[in-house]
Amino acid sequence: MRVGIVGGGFAGLAAAIAFRQGGHDVSIFERSAGPSVTGGAISLAPNALTCLSALGVRARVVTEPWSRMPATVRTPEGRVLVRRTLAQLTGGDHYAAVPRTQLLTWLAEKLPPDCLHYSSAVTGIHTDGVLVVGEAEQRFDLVIGADGTRGVARKLLWPDAGPPTVTGIKGWAWIVDRELDTGFGPIWGCTTDFGILPLADGRTYVYGGTQDPGTDLRAYRHWPAPLPTLIDAADPDRIATPEIFEARPPHHLVRGKVVLIGDAAHTMRPTFGQGAALAMEDALTLVKCGTEGLEKRRLRILALYTASKAGSFFATPRLRVAEKARNLTLRLTPDPLFGLMAGSVSYWRPPARIA
Ligand SMILES: Cc1cc2nc3c(=O)[nH]c(=O)nc-3n(C[C@H](O)[C@H](O)[C@H](O)COP(=O)(O)OP(=O)(O)OC[C@H]3O[C@@H](n4cnc5c(N)ncnc54)[C@H](O)[C@@H]3O)c2cc1C
């Protein structure tokens, strides 16, 4: 089968590797000149690690000693609401965070160079399997729209699904060249949250989001340690400041010979850090179970889309009274139960059936 893939992000690369494992002829068209250089990292919960195993990349991800590192959920005043390990907070025995560019490079390295076409923007997609790349038209047996939140596949072929919507959240993500052994986990305020994670290579990853437009990062230097030190150490030229969008999955992910996977199909708030993991799950499900199997995933996708939205309101509820209620709820909830609930999003079994 000839498979044409639009987009060389997590969804597109995972689909390409898995289809090639099945002996198919695969071409990826990626508009950028190489793997994304957007800053930040990807947190890898058990489902993401399972996908990386299937894709032959798992051995490159170091999970120890990071999995067993103590982690807390704290308030901006430094009160500890939950105490667990990083693995327990993400639902398994193993956990790692890897720079985004590094993970994309590892995946791209699993493909022969003639399969991955960089600097190749797709401008047209047709349900009969025709892709327009530059001036040329190419025909495929299957086309995969894996071109992210504001890609052409959803826009051209799923106009009824609606465009992505703004959440009003502005994000920050940066990496500090410093190894820490304490202070990991999220800090949840009223309208702003941060998270501090160890990277598999020993450096430290910081992410955050705020609903207060125009607020400078330095406004959070009074938040608990080690955040102030990490803010001071941030290189302003290397802080990613993504605007957070969300897009509900359409009713059907298949139209003619075209399927939609990853963020192109469902963009979620990064509450659980699950977007890349779900993108790879989509890809593996499509390869193993065909388009029917992908359609059947809609329930899981919708559940996570809803949970990410609800989780985002729980983490940063906007109102002081709701913030107090959140803190009280967490103090009354046994820590293991919170770990189970937060980690439940990453329970996923790879499909066994081969299409
Ligand atoms: C702040 C933040 C933190 C996050 N943290 C995590 C995390 O810790 N763990 C996690 O699992 N997820 C996380 N996510 C989500 C994750 O980044 C996304 O879900 C993931 O990147 C989706 O992968 P994708 O391949 O579907 O889309 P993308 O990564 O967006 O890739 C799409 C690709 O398509 C290309 N493209 C677009 N249009 C065209 C075109 N016309 N022609 C050719 N190519 C095109 C783009 O250049 C891009 O390379 C986070 C997201 C944000 C915003």
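Where is Pro 226 found? Select it to begin: Pro 226 is in the loop between strand S15 (204-210) and helix H6 (227-232). Helices here are DSSP runs of H or I with at least four residues, strands are runs of E with at least two, and both are numbered from the N terminus.

Before you go on, two notes. This is a predicted model, in which local features need pLDDT of at least 70 and side-chain atom pairs count only at pLDDT 80 or more, while totals for chains, interfaces and linings use all residues. Residues are numbered from 1 along each chain as its sequence is written.

**Stop 1**

Pro 65 is in the loop between helix H2 (46-54) and strand S4 (70-74).

**Stop 2: two positive phi values**

Most residues other than glycine have a negative phi, and most peptide bonds are trans. Select Ser 119, which is not a glycine but has a positive phi of about 50 degrees. Ser 119 is in the loop between strand S7 (116-117) and strand S8 (122-125). Ser 119 counts as exposed because it has 11 C-beta neighbours inside 10 Å. The cut-offs use C-beta atoms placed from the backbone: a residue is buried with 20 or more other C-beta atoms within 10 Å of its own, exposed with 12 or fewer, and partly exposed in between.

Next, select Arg 318, another residue other than glycine with a positive phi, near 80 degrees. Arg 318 lies in the loop between H8 and helix H9 (320-332). With 11 other C-beta atoms within 10 Å, Arg 318 is exposed.

**Stop 3**

Move on to H9. One of its 13 residues is buried, so H9 lies largely in the open. The 13 residues of H9 should span 18 Å at 1.5 Å a residue, and the end C-alpha atoms are 19 Å apart, which agrees. The expected span of a helix is 1.5 Å times one less than its number of residues.

Now select Arg 300, in helix H8 (residues 298-315). Arg 300 has 16 other C-beta atoms within 10 Å, so this residue is partly exposed.

**Stop 3: the kinked helix H7**

What is centred on Cys 289 in H7? A kink of about 135 degrees. The bend at a residue is the angle between axes fitted to the seven residues ending there and the seven starting there. A straight helix of 22 residues would span 32 Å at 1.5 Å a residue, but the end C-alpha atoms of H7 are only 18 Å apart.

**Stop 4: around the ligand**

Show the ligand and the 38 residues that surround it; the closest are Gly 7, Gly 9, Gly 148, Gly 262 and Gly 275. A residue is near a molecule or strand if its C-beta atom, placed from the backbone, lies within 6 Å of it. Elements that give two or more residues to this shell are helix H1 (10-21), strand S3 (41-44), strand S12 (165-176) and helix H7 (275-296). H7 provides the largest share, four residues. Colour the shell by type and you will find 19 nonpolar, 15 polar and four charged residues. Here Ala, Val, Leu, Ile, Met, Phe, Trp, Tyr, Cys and Pro count as nonpolar, Asp, Glu, Lys and Arg as charged, and the others, Gly among them, as polar.

**Stop 6**

In helix H4 (residues 100-108), the buried residues include Leu 103, Leu 104 and Trp 106. The buried residues of H4 pack against H1, S3, strand S6 (96-99) and S7.

Follow the chain to Lys 110, in the loop between H4 and S7. Leaving aside neighbours within four places in sequence, Lys 110 is in contact (C-beta atoms, placed from the backbone, within 7 Å) with Ile 17, Leu 55, Gly 56 and Val 57.

**Last stop: the whole chain**

Zoom out to see 10 helices and 18 strands.

Methods. Contact = placed C-beta atoms within 7 Å.
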